[in-house]
Amino acid sequence: MSKTITGFSKLTKDEKINWLAKNFFKDVKEGISTLKQYENDNEKLQQLHDEFIENTISNFYVPYAVAPNFIINGKPYVLPMAIEESSVVAAASLVAKFWSTRGGFKTRVISTIKVGQVHFVYEGDFEELEKYFQKNKDQLLKATDSITANMRKRGGGIVDIELRDKTSKLENYYQLHVTFETADSMGANFINSCLEAIAKEFKNNAFAELKTDIHIVMSILSNYVPECIVHAEVSCKVTDFFDTDPEIYAQKFVQAIQIANVEPFRAVTHNKGIMNGIDAVVLATGNDFRAVAAGAHAYAAKSGSYKSLTNAKIENGVFHFWIEIPLSLGTVGGLTKLHPLAKLSLEILQDPSAEELMQIIAVAGLSQNFAALKALTTTGIQQGHMKMHLMNILNQLEANLHEKENIVKKMDGKTVTHKAVADALHQLRIKK
Ligand code: MEV
(Lines give C-alpha, C1' and ligand atoms only; values in the text may rest on other atoms or scores of the structure.)
Protein backbone atom coordinates (compact mmCIF):
# COMPACT_ATOMS: atom_id res chain seq x y z
CA MET A 1 0.00 0.00 0.00
CA SER A 2 1.36 3.37 -0.99
CA LYS A 3 0.24 6.63 0.54
CA THR A 4 1.51 8.61 -2.46
CA ILE A 5 0.27 8.38 -6.04
CA THR A 6 0.97 9.79 -9.49
CA GLY A 7 -1.79 10.65 -11.95
CA PHE A 8 -4.45 10.93 -9.20
CA SER A 9 -6.34 13.68 -11.02
CA LYS A 10 -6.75 11.39 -14.06
CA LEU A 11 -8.62 8.73 -12.07
CA THR A 12 -12.42 8.62 -12.06
CA LYS A 13 -14.20 9.83 -8.93
CA ASP A 14 -14.85 6.24 -7.78
CA GLU A 15 -11.24 5.25 -8.39
CA LYS A 16 -10.09 8.22 -6.34
CA ILE A 17 -12.42 7.32 -3.51
CA ASN A 18 -11.34 3.67 -3.57
CA TRP A 19 -7.65 4.58 -3.45
CA LEU A 20 -8.32 6.96 -0.57
CA ALA A 21 -10.45 4.40 1.27
CA LYS A 22 -7.89 1.64 0.93
CA ASN A 23 -5.07 3.82 2.19
CA PHE A 24 -6.64 6.10 4.78
CA PHE A 25 -10.15 5.18 5.94
CA LYS A 26 -10.45 3.40 9.30
CA ASP A 27 -13.73 1.84 8.20
CA VAL A 28 -13.83 1.60 4.39
CA LYS A 29 -17.56 0.96 4.14
CA GLU A 30 -18.50 3.74 6.51
CA GLY A 31 -16.09 6.24 4.94
CA ILE A 32 -17.37 5.58 1.43
CA SER A 33 -20.97 5.76 2.59
CA THR A 34 -20.27 9.15 4.27
CA LEU A 35 -18.87 10.52 1.01
CA LYS A 36 -21.81 9.14 -0.98
CA GLN A 37 -24.34 10.61 1.46
CA TYR A 38 -23.12 14.08 0.59
CA GLU A 39 -23.28 13.51 -3.18
CA ASN A 40 -26.23 15.16 -4.85
CA ASP A 41 -28.70 12.90 -6.70
CA ASN A 42 -29.17 15.62 -9.26
CA GLU A 43 -26.37 14.66 -11.66
CA LYS A 44 -26.18 18.02 -13.38
CA LEU A 45 -25.87 19.88 -10.09
CA GLN A 46 -23.26 17.44 -8.81
CA GLN A 47 -21.27 17.82 -12.00
CA LEU A 48 -21.33 21.60 -11.61
CA HIS A 49 -19.82 21.24 -8.14
CA ASP A 50 -17.36 18.57 -9.28
CA GLU A 51 -16.06 20.97 -11.88
CA PHE A 52 -15.56 23.94 -9.56
CA ILE A 53 -12.28 22.35 -8.40
CA GLU A 54 -10.01 19.39 -9.11
CA ASN A 55 -10.27 15.98 -7.42
CA THR A 56 -13.79 16.52 -6.05
CA ILE A 57 -14.89 13.42 -4.15
CA SER A 58 -18.04 14.75 -2.49
CA ASN A 59 -19.57 17.98 -1.14
CA PHE A 60 -18.84 19.62 2.19
CA TYR A 61 -22.03 21.12 3.57
CA VAL A 62 -22.15 24.33 5.58
CA PRO A 63 -25.55 25.50 6.85
CA TYR A 64 -27.23 28.17 4.73
CA ALA A 65 -29.46 30.48 6.77
CA VAL A 66 -31.10 33.89 6.62
CA ALA A 67 -31.22 36.78 9.08
CA PRO A 68 -34.28 39.01 8.49
CA ASN A 69 -35.23 42.55 9.54
CA PHE A 70 -32.15 44.52 8.53
CA ILE A 71 -33.05 48.10 7.66
CA ILE A 72 -30.25 49.64 5.59
CA ASN A 73 -30.69 53.24 4.41
CA GLY A 74 -34.40 52.80 5.02
CA LYS A 75 -34.73 49.63 2.90
CA PRO A 76 -35.51 46.23 4.45
CA TYR A 77 -33.13 43.35 3.74
CA VAL A 78 -32.89 39.66 4.59
CA LEU A 79 -29.25 38.56 4.82
CA PRO A 80 -28.30 35.11 3.49
CA MET A 81 -25.48 33.59 5.54
CA ALA A 82 -23.39 30.43 5.03
CA ILE A 83 -21.62 29.55 8.27
CA GLU A 84 -21.15 26.68 10.69
CA GLU A 85 -20.73 28.65 13.94
CA SER A 86 -23.87 28.22 16.07
CA SER A 87 -24.48 31.75 17.34
CA VAL A 88 -23.74 33.93 14.29
CA VAL A 89 -27.13 33.97 12.55
CA ALA A 90 -29.06 34.22 15.82
CA ALA A 91 -26.90 37.20 16.77
CA ALA A 92 -27.42 38.84 13.36
CA SER A 93 -31.20 38.47 13.64
CA LEU A 94 -31.31 39.91 17.15
CA VAL A 95 -29.13 42.88 16.22
CA ALA A 96 -31.14 43.57 13.04
CA LYS A 97 -34.32 43.74 15.11
CA PHE A 98 -32.67 45.89 17.80
CA TRP A 99 -31.52 48.55 15.32
CA SER A 100 -34.67 48.37 13.19
CA THR A 101 -36.47 50.19 16.00
CA ARG A 102 -33.63 52.72 16.38
CA GLY A 103 -33.39 54.13 12.85
CA GLY A 104 -31.66 51.19 11.16
CA PHE A 105 -28.21 51.17 9.54
CA LYS A 106 -26.81 54.03 7.47
CA THR A 107 -24.16 53.14 4.93
CA ARG A 108 -22.13 54.68 2.13
CA VAL A 109 -19.40 53.58 -0.26
CA ILE A 110 -16.32 55.76 0.08
CA SER A 111 -14.22 54.40 -2.80
CA THR A 112 -14.09 51.47 -5.24
CA ILE A 113 -10.52 51.35 -6.56
CA LYS A 114 -8.78 47.96 -6.93
CA VAL A 115 -5.05 47.43 -7.30
CA GLY A 116 -2.73 45.17 -9.28
CA GLN A 117 1.05 45.23 -9.60
CA VAL A 118 3.74 44.14 -12.02
CA HIS A 119 6.79 43.43 -9.87
CA PHE A 120 10.08 43.63 -11.71
CA VAL A 121 13.83 43.82 -11.31
CA TYR A 122 15.94 46.36 -13.22
CA GLU A 123 19.62 47.03 -12.70
CA GLY A 124 19.97 50.21 -14.80
CA ASP A 125 19.49 53.91 -14.22
CA PHE A 126 16.15 54.98 -12.68
CA GLU A 127 15.84 58.18 -14.69
CA GLU A 128 16.18 56.21 -17.93
CA LEU A 129 13.54 53.79 -16.70
CA GLU A 130 11.20 56.63 -15.79
CA LYS A 131 11.65 58.16 -19.27
CA TYR A 132 11.03 54.79 -20.89
CA PHE A 133 7.88 54.32 -18.80
CA GLN A 134 6.47 57.78 -19.56
CA LYS A 135 7.14 57.31 -23.28
CA ASN A 136 5.45 53.90 -23.33
CA LYS A 137 2.59 54.48 -20.88
CA ASP A 138 -0.05 54.92 -23.61
CA GLN A 139 1.27 51.85 -25.32
CA LEU A 140 0.88 49.86 -22.09
CA LEU A 141 -2.75 50.92 -21.86
CA LYS A 142 -3.27 50.08 -25.52
CA ALA A 143 -1.91 46.57 -24.94
CA THR A 144 -4.94 45.90 -22.73
CA ASP A 145 -7.52 47.28 -25.21
CA SER A 146 -9.07 43.96 -26.12
CA ILE A 147 -9.28 42.92 -22.45
CA THR A 148 -10.72 46.21 -21.18
CA ALA A 149 -13.22 46.85 -24.01
CA ASN A 150 -16.20 45.19 -22.25
CA MET A 151 -15.27 46.53 -18.84
CA ARG A 152 -15.05 50.07 -20.23
CA LYS A 153 -18.60 49.67 -21.59
CA ARG A 154 -19.70 48.79 -18.02
CA GLY A 155 -18.04 51.93 -16.62
CA GLY A 156 -14.83 50.29 -15.43
CA GLY A 157 -11.30 49.87 -16.74
CA ILE A 158 -7.76 50.93 -15.89
CA VAL A 159 -7.63 54.13 -13.86
CA ASP A 160 -3.88 54.71 -13.90
CA ILE A 161 -0.46 53.08 -14.18
CA GLU A 162 2.36 54.36 -11.99
CA LEU A 163 6.02 53.42 -11.95
CA ARG A 164 7.16 52.93 -8.35
CA ASP A 165 10.75 52.82 -7.19
CA LYS A 166 10.99 50.28 -4.35
CA THR A 167 14.78 50.05 -4.27
CA SER A 168 14.96 51.49 -0.75
CA LYS A 169 13.17 48.31 0.40
CA LEU A 170 14.75 45.76 -1.94
CA GLU A 171 17.70 46.10 -4.29
CA ASN A 172 16.73 46.73 -7.95
CA TYR A 173 13.04 46.22 -7.19
CA TYR A 174 10.47 48.34 -9.06
CA GLN A 175 6.80 47.95 -9.82
CA LEU A 176 4.08 49.11 -12.10
CA HIS A 177 1.29 49.95 -9.69
CA VAL A 178 -1.97 49.75 -11.61
CA THR A 179 -5.35 50.94 -10.36
CA PHE A 180 -8.68 49.67 -11.67
CA GLU A 181 -12.43 50.18 -11.52
CA THR A 182 -14.16 46.85 -12.04
CA ALA A 183 -17.88 47.87 -11.99
CA ASP A 184 -20.02 45.04 -10.59
CA SER A 185 -17.36 42.34 -10.76
CA MET A 186 -14.70 41.61 -8.18
CA GLY A 187 -12.39 41.71 -11.18
CA ALA A 188 -9.62 39.28 -10.19
CA ASN A 189 -9.35 37.63 -13.61
CA PHE A 190 -9.77 40.94 -15.41
CA ILE A 191 -7.02 42.58 -13.36
CA ASN A 192 -4.60 39.67 -13.72
CA SER A 193 -5.14 39.50 -17.49
CA CYS A 194 -4.51 43.24 -17.82
CA LEU A 195 -1.36 43.01 -15.71
CA GLU A 196 0.07 40.17 -17.76
CA ALA A 197 -0.58 42.08 -20.99
CA ILE A 198 1.03 45.21 -19.51
CA ALA A 199 4.06 43.26 -18.27
CA LYS A 200 4.59 41.66 -21.68
CA GLU A 201 4.38 45.01 -23.48
CA PHE A 202 6.59 46.75 -20.90
CA LYS A 203 9.37 44.22 -21.23
CA ASN A 204 9.11 43.96 -25.00
CA ASN A 205 11.31 46.77 -26.27
CA ALA A 206 13.06 47.54 -23.00
CA PHE A 207 16.50 46.24 -23.95
CA ALA A 208 16.55 48.03 -27.31
CA GLU A 209 15.85 51.35 -25.57
CA LEU A 210 17.39 50.99 -22.12
CA LYS A 211 20.32 48.69 -22.90
CA THR A 212 19.35 46.92 -19.69
CA ASP A 213 16.74 44.19 -19.39
CA ILE A 214 13.58 44.40 -17.33
CA HIS A 215 13.06 41.10 -15.51
CA ILE A 216 9.41 40.56 -14.68
CA VAL A 217 9.13 38.65 -11.39
CA MET A 218 5.33 38.45 -11.29
CA SER A 219 2.10 40.19 -12.20
CA ILE A 220 -0.80 39.87 -9.78
CA LEU A 221 -3.73 41.74 -8.27
CA SER A 222 -3.51 42.85 -4.65
CA ASN A 223 -6.10 41.74 -2.13
CA TYR A 224 -5.15 44.81 -0.12
CA VAL A 225 -7.72 47.38 -1.26
CA PRO A 226 -7.45 50.41 1.04
CA GLU A 227 -9.16 52.51 -1.64
CA CYS A 228 -12.19 50.23 -1.90
CA ILE A 229 -13.83 51.28 1.33
CA VAL A 230 -17.33 51.16 2.73
CA HIS A 231 -18.73 52.82 5.83
CA ALA A 232 -21.68 51.56 7.92
CA GLU A 233 -23.04 53.06 11.12
CA VAL A 234 -25.79 53.07 13.69
CA SER A 235 -26.64 55.61 16.37
CA CYS A 236 -29.23 56.15 19.05
CA LYS A 237 -29.76 58.20 22.19
CA VAL A 238 -27.72 56.67 25.01
CA THR A 239 -30.96 56.39 26.98
CA ASP A 240 -32.32 54.09 24.22
CA PHE A 241 -29.24 51.86 24.35
CA PHE A 242 -30.55 49.51 27.07
CA ASP A 243 -33.47 49.30 29.46
CA THR A 244 -31.26 49.19 32.54
CA ASP A 245 -28.23 51.41 33.19
CA PRO A 246 -27.83 52.48 29.53
CA GLU A 247 -25.15 55.10 30.35
CA ILE A 248 -22.95 52.55 32.10
CA TYR A 249 -23.28 49.95 29.34
CA ALA A 250 -22.82 52.42 26.48
CA GLN A 251 -19.61 53.56 28.21
CA LYS A 252 -18.40 49.98 28.68
CA PHE A 253 -19.10 49.33 24.99
CA VAL A 254 -16.90 52.27 23.99
CA GLN A 255 -14.18 51.06 26.39
CA ALA A 256 -14.26 47.61 24.80
CA ILE A 257 -13.33 49.21 21.47
CA GLN A 258 -10.67 51.39 23.07
CA ILE A 259 -9.12 48.21 24.47
CA ALA A 260 -9.15 46.55 21.03
CA ASN A 261 -7.40 49.65 19.67
CA VAL A 262 -4.45 49.34 22.03
CA GLU A 263 -4.28 45.56 22.57
CA PRO A 264 -3.70 43.34 19.50
CA PHE A 265 -4.53 40.15 21.44
CA ARG A 266 -8.03 41.55 21.93
CA ALA A 267 -8.20 43.26 18.51
CA VAL A 268 -7.69 40.00 16.61
CA THR A 269 -10.62 38.34 18.39
CA HIS A 270 -12.69 41.50 18.09
CA ASN A 271 -12.10 41.59 14.32
CA LYS A 272 -12.58 37.82 14.02
CA GLY A 273 -16.10 38.37 15.36
CA ILE A 274 -16.68 41.03 12.69
CA MET A 275 -15.48 38.58 10.05
CA ASN A 276 -18.02 36.00 11.32
CA GLY A 277 -20.74 38.17 9.82
CA ILE A 278 -18.80 39.39 6.81
CA ASP A 279 -17.50 36.01 5.66
CA ALA A 280 -20.90 34.36 6.07
CA VAL A 281 -22.55 36.74 3.58
CA VAL A 282 -19.44 36.84 1.35
CA LEU A 283 -19.57 33.03 1.09
CA ALA A 284 -23.36 32.92 0.62
CA THR A 285 -23.06 35.31 -2.33
CA GLY A 286 -20.29 33.28 -4.01
CA ASN A 287 -17.58 35.83 -3.26
CA ASP A 288 -13.99 35.18 -2.20
CA PHE A 289 -13.94 35.20 1.60
CA ARG A 290 -10.17 34.60 1.83
CA ALA A 291 -9.51 37.73 -0.23
CA VAL A 292 -11.91 39.77 1.88
CA ALA A 293 -10.44 38.49 5.16
CA ALA A 294 -6.83 39.10 4.08
CA GLY A 295 -7.68 42.65 2.96
CA ALA A 296 -9.66 43.45 6.10
CA HIS A 297 -6.92 42.32 8.50
CA ALA A 298 -4.24 44.19 6.55
CA TYR A 299 -6.43 47.32 6.75
CA ALA A 300 -6.77 46.83 10.50
CA ALA A 301 -2.96 47.10 10.69
CA LYS A 302 -2.63 50.12 8.37
CA SER A 303 -1.40 52.41 11.17
CA GLY A 304 1.48 50.05 11.93
CA SER A 305 -0.29 48.30 14.79
CA TYR A 306 -3.27 45.98 14.53
CA LYS A 307 -6.50 47.70 15.66
CA SER A 308 -10.27 47.40 15.77
CA LEU A 309 -12.12 47.71 12.47
CA THR A 310 -15.04 49.31 14.32
CA ASN A 311 -15.29 52.53 16.31
CA ALA A 312 -17.71 53.94 18.86
CA LYS A 313 -18.21 57.21 20.69
CA ILE A 314 -20.74 58.96 22.89
CA GLU A 315 -21.37 62.58 21.93
CA ASN A 316 -24.05 64.89 23.32
CA GLY A 317 -25.94 61.95 24.78
CA VAL A 318 -25.89 60.00 21.51
CA PHE A 319 -24.19 56.62 21.08
CA HIS A 320 -22.47 56.22 17.67
CA PHE A 321 -21.06 52.94 16.39
CA TRP A 322 -19.47 52.47 12.97
CA ILE A 323 -17.21 50.38 10.76
CA GLU A 324 -14.95 51.32 7.88
CA ILE A 325 -13.68 48.36 5.95
CA PRO A 326 -12.22 47.48 2.54
CA LEU A 327 -14.46 45.04 0.64
CA SER A 328 -13.70 43.91 -2.89
CA LEU A 329 -16.84 42.12 -4.07
CA GLY A 330 -18.72 41.16 -7.18
CA THR A 331 -22.34 40.58 -8.08
CA VAL A 332 -21.43 39.36 -11.56
CA GLY A 333 -18.67 36.97 -12.61
CA GLY A 334 -16.92 34.27 -10.60
CA LEU A 335 -19.34 31.93 -8.84
CA THR A 336 -21.93 34.64 -8.20
CA LYS A 337 -24.32 33.50 -10.91
CA LEU A 338 -22.91 29.99 -11.40
CA HIS A 339 -23.50 28.56 -7.94
CA PRO A 340 -27.30 28.18 -7.68
CA LEU A 341 -27.35 29.17 -4.01
CA ALA A 342 -25.10 32.19 -4.58
CA LYS A 343 -27.49 33.28 -7.33
CA LEU A 344 -30.43 32.82 -4.98
CA SER A 345 -28.64 34.79 -2.24
CA LEU A 346 -28.31 37.73 -4.62
CA GLU A 347 -32.01 37.39 -5.43
CA ILE A 348 -32.84 37.46 -1.70
CA LEU A 349 -30.72 40.62 -1.48
CA GLN A 350 -32.84 42.10 -4.31
CA ASP A 351 -30.11 41.90 -6.97
CA PRO A 352 -27.66 44.41 -5.51
CA SER A 353 -24.88 46.13 -7.42
CA ALA A 354 -21.38 45.45 -6.10
CA GLU A 355 -21.52 48.79 -4.25
CA GLU A 356 -24.81 47.85 -2.58
CA LEU A 357 -23.38 44.48 -1.63
CA MET A 358 -20.39 46.22 -0.01
CA GLN A 359 -22.82 48.19 2.17
CA ILE A 360 -24.92 45.15 3.10
CA ILE A 361 -21.85 43.12 4.03
CA ALA A 362 -20.35 45.95 6.10
CA VAL A 363 -23.62 45.92 8.05
CA ALA A 364 -23.27 42.17 8.61
CA GLY A 365 -19.83 42.80 10.14
CA LEU A 366 -20.93 45.73 12.27
CA SER A 367 -23.87 43.68 13.57
CA GLN A 368 -21.72 40.78 14.70
CA ASN A 369 -19.40 43.14 16.53
CA PHE A 370 -22.39 44.80 18.19
CA ALA A 371 -23.76 41.44 19.34
CA ALA A 372 -20.36 40.31 20.65
CA LEU A 373 -19.57 43.54 22.53
CA LYS A 374 -23.08 43.80 23.94
CA ALA A 375 -22.82 40.28 25.31
CA LEU A 376 -19.20 40.62 26.47
CA THR A 377 -19.83 43.84 28.40
CA THR A 378 -23.04 42.60 30.03
CA THR A 379 -23.80 38.90 30.60
CA GLY A 380 -20.59 37.50 29.09
CA ILE A 381 -20.38 35.63 25.83
CA GLN A 382 -20.95 32.08 27.03
CA GLN A 383 -24.60 32.37 27.97
CA GLY A 384 -25.81 33.01 24.44
CA HIS A 385 -23.04 31.02 22.79
CA MET A 386 -23.63 27.85 24.79
CA LYS A 387 -27.40 28.18 24.41
CA MET A 388 -26.89 28.01 20.64
CA HIS A 389 -24.25 25.30 21.05
CA LEU A 390 -26.66 23.12 23.05
CA MET A 391 -27.95 21.41 19.89
CA ASN A 392 -24.38 20.49 18.87
CA ILE A 393 -23.78 18.90 22.29
CA LEU A 394 -27.07 16.99 22.08
CA ASN A 395 -26.18 15.75 18.60
CA GLN A 396 -22.74 14.68 19.81
CA LEU A 397 -24.47 12.70 22.59
CA GLU A 398 -26.82 11.19 19.97
CA ALA A 399 -29.98 12.48 21.66
CA ASN A 400 -33.24 11.68 19.88
CA LEU A 401 -35.93 14.25 19.09
CA HIS A 402 -37.88 13.63 22.31
CA GLU A 403 -34.69 13.85 24.40
CA LYS A 404 -33.67 17.07 22.64
CA GLU A 405 -37.03 18.74 23.37
CA ASN A 406 -36.87 17.65 26.96
CA ILE A 407 -33.28 18.85 27.58
CA VAL A 408 -33.79 22.18 25.78
CA LYS A 409 -36.69 22.87 28.19
CA LYS A 410 -34.64 21.70 31.18
CA MET A 411 -31.66 23.90 30.32
CA ASP A 412 -33.77 27.04 29.84
CA GLY A 413 -32.26 29.76 32.07
CA LYS A 414 -29.46 27.41 33.23
CA THR A 415 -25.77 27.54 32.32
CA VAL A 416 -25.15 25.17 29.43
CA THR A 417 -21.98 23.09 29.76
CA HIS A 418 -21.12 19.76 28.15
CA LYS A 419 -21.24 18.09 31.57
CA ALA A 420 -24.57 19.65 32.57
CA VAL A 421 -26.17 18.46 29.32
CA ALA A 422 -24.62 14.97 29.57
CA ASP A 423 -25.82 14.65 33.18
CA ALA A 424 -29.34 15.81 32.31
CA LEU A 425 -29.49 13.36 29.41
CA HIS A 426 -28.20 10.54 31.60
CA GLN A 427 -30.89 11.29 34.23
CA LEU A 428 -33.56 11.30 31.54
CA ARG A 429 -32.38 8.00 30.10
CA ILE A 430 -32.23 6.15 33.44
CA LYS A 431 -35.68 7.44 34.36
CA LYS A 432 -37.16 5.62 31.36
C1 MEV B 1 -16.56 34.22 18.37
O2 MEV B 1 -16.59 33.57 17.13
C3 MEV B 1 -16.37 35.71 18.17
C4 MEV B 1 -16.17 36.52 19.46
O5 MEV B 1 -15.09 35.99 20.21
C6 MEV B 1 -15.88 37.94 19.02
C7 MEV B 1 -15.42 38.86 20.14
O8 MEV B 1 -14.89 38.39 21.15
O9 MEV B 1 -15.61 40.08 19.94
C10 MEV B 1 -17.40 36.46 20.31
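This is a predicted model: local features need pLDDT of at least 70, side-chain atom pairs count only at pLDDT 80 or more; totals for chains, interfaces and linings use all residues.
Colleague: In which pocket does the ligand sit?

Modeller: A molecule counts as sitting in a pocket if more than half of its atoms lie within 2 Å of the grid points of that pocket. By this rule the ligand is placed in the second largest pocket.

Colleague: Which helix gives the most to the shell around the ligand?

Modeller: The residues around the ligand include Arg266, Thr269, His270, Lys272, Gly273 and Asn276. Helix 10 spans 264-284, and helix 13 spans 354-376; each supplies at least two residues of the shell. With 6 residues, the most is given by helix 10.

Colleague: How much of the area that the ligand exposes when taken alone does the protein bury?

Modeller: A polar side-chain atom of Lys272 lies 2.6 Å from an oxygen atom of the ligand. Taken alone, the ligand exposes 300 Å². Of that area, the protein buries 82%.

Colleague: Which helix gives the most to the lining of the second largest pocket?

Modeller: This pocket holds about 1200 Å³ of space and is lined by 46 residues. Helix 4, helix 10, helix 13, helix 14 and helix 15 each supply at least two residues of the lining. The most comes, with 9 residues, from helix 14.

Colleague: How many charged residues are in the lining of the largest pocket?

Modeller: The largest pocket contains about 1400 Å³ of space. Its lining has 40 residues, and Phe52, Leu283, Gly286, Leu335 and His339 are the closest to its centre. By class, the lining has 21 nonpolar and 17 polar residues, and the number of charged residues is 2.

Note on methods
Residues are numbered from 1 along each chain as its sequence is written. Side-chain values use heavy atoms; hydrogens and water are left out. A residue is near a molecule or strand if one of its heavy atoms lies within 4 Å of it. A polar contact is a pair of N or O atoms within 3.5 Å; within protein, one must be able to donate a hydrogen and the other to accept it, and residues adjacent in sequence count only if both atoms are side-chain atoms. Accessible areas come from the Shrake-Rupley method with a 1.4 Å probe; for residues, only the protein chains shown count as cover. On a 1 Å grid over the protein atoms alone, a cavity is a set of points where a 1.4 Å probe fits but cannot get out, and a pocket is an open set with protein on both sides within 12 Å along at least five of seven lines; lining residues have an atom within 4 Å of a point. Helices (H or I, at least four residues) and strands (E, at least two) are DSSP runs, numbered from the N terminus. Grid points are joined across faces, edges and corners, and a volume is the space filled by probe spheres set on the points. Ala, Val, Leu, Ile, Met, Phe, Trp, Tyr, Cys and Pro count as nonpolar, Asp, Glu, Lys and Arg as charged, and the others, Gly among them, as polar.
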